[in-house]
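Subject: Structure handover

Hello,

Here is the structure we talked about passing on. Please open it alongside this note. My findings follow below.

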Amino acid sequence: MSGAPLAFVDVETTGLDAAVHEIWEVALLLDERAFVWQLPVDLGRADPRALALGHFCERRAEALTLPDEFAADFSRLTWGHHLAGACVSFDAERLSGMLRAHGACPGWHHRLLDVEVYAAGALGLPGPVGLRDTAARLGVEVDEAALHTAIGDADLARAVYEAARRPRPEV
């Protein structure tokens with residue numbers, strides 16, 4: 001790692017296909033500061049399973065952030081940071097496209113920190129096993145109600161990272 005600060009991030013999308021589906025919620029954790037944005041999306045192109053998984057209908061805010069405003073804020077806040085999270089390449093790819101589409105530059109460091117891969121190494125696993133299972137193996141409490149919310153997943157990713165950094169007793 002470059003020594004750049006970490007920015008824990010998570011996105012909730014209307015599906016998995018980057019060519020069709022959009023980001024509807026983003027969370028960012030910088031030190032002790034937390035940011036959450038909900039964005040307007042075209043529900044006509046959404047995957048209902050993705051919306052159900054993220055509890056879109058139950059959690060959708062009435063006041064949404066304009067994409068240009070979000071892009072400018074997110075670019076400024078993450079400039080020079082390492083993005084960190086669970087399967088963070090998914091988030092970074094989508095965020096990069098969105099920022100560029102709205103006139104902003106993704107200025108985060110090109111090295112990403114996937115906490116599932118990081119923790120797998122610390123646990124001696126051959127590869128990642130998913131955020132929930134990784135947390136359980138590290139003794140990190142999982143708030144089931146917060147899973148698949150951008151802020152809940154970003155917070156859990158940070159907790160997994162911190163737990164994986166702790167020295168492990170020799171087995």
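**Aromatic pairs**

Tryptophan 24 and phenylalanine 56 are both buried (under 20% relative accessible area with a 1.4 Å probe, protein chains only; over 50% is exposed, and partly exposed lies in between). Before going on, two notes on the basis. This is a predicted model, in which local features need pLDDT of at least 70 and side-chain atom pairs count only at pLDDT 80 or more, while totals for chains, interfaces and linings use all residues. Residues are numbered from 1 along each chain as its sequence is written, and side-chain values use heavy atoms, with hydrogens and water left out.

The whole structure holds eight aromatic pairs. Rings of Phe, Tyr and Trp (its six-membered ring) pair if their centres lie within 6.5 Å; planes under 30 degrees apart are stacked, over 60 edge-to-face, the rest tilted.

One of the pairs joins tryptophan 24 and phenylalanine 56. This pair is edge-to-face, at 4.8 Å centre to centre and 75° between the planes. It links distant parts of the chain. Tryptophan 24 sits in strand E2 (residues 23-30) and phenylalanine 56 in helix H2 (residues 56-59), 32 residues apart. Helices (H or I, at least four residues) and strands (E, at least two) are DSSP runs, numbered from the N terminus.

Phenylalanine 74 and tryptophan 108 have ring centres 6.0 Å apart and planes at 80°, so this pair is edge-to-face too. Phenylalanine 74 belongs to helix H3 (residues 67-78). Tryptophan 108 is in the loop between H4 and strand E5 (113-114), 34 residues from phenylalanine 74. Both phenylalanine 74 and tryptophan 108 are buried. They also belong to one aromatic cluster with Phe35, Trp37 and Phe70.

**Pockets**

What is the volume of the largest pocket? About 540 Å³. A pocket is an open set of points on a 1 Å grid over the protein atoms alone, where a 1.4 Å probe fits, with protein on both sides within 12 Å along at least five of seven lines; lining residues have an atom within 4 Å of a point. Points are joined across faces, edges and corners, and the volume is the space filled by probe spheres set on them.

The lining of the largest pocket has 24 residues. Val11, Glu12, Leu53, His148 and Asp153 lie nearest its centre. Strand E1 (6-13) gives the largest share, five residues. The lining divides into twelve nonpolar, five polar and seven charged residues. Ala, Val, Leu, Ile, Met, Phe, Trp, Tyr, Cys and Pro count as nonpolar, Asp, Glu, Lys and Arg as charged, and the others, Gly among them, as polar.

The second largest pocket holds about 210 Å³. Of its 15 lining residues, His21, Glu22, Ile23, Arg94 and Met98 are closest to the centre. Its lining has eight nonpolar, three polar and four charged residues.

**Aspartate 47**

Aspartate 47 is in the loop between strand E3 (33-38) and H1. It counts as buried, at 17% relative accessibility. Beyond its neighbours within four places in sequence, aspartate 47 is in contact (heavy atoms within 4.5 Å) with Thr14, Gly15 and His21.

**Helix H7 and the segment after it**

Helix H7 (residues 150-165) has 16 residues. Its first and last C-alpha are 23 Å apart, close to the 22 Å expected (1.5 Å times one less than the number of residues). Buried residues in H7 include Asp153, Leu156, Val160 and Tyr161.

Arginine 166 lies in the segment after H7. At 49% relative accessible area, arginine 166 is partly exposed.

Best wishes
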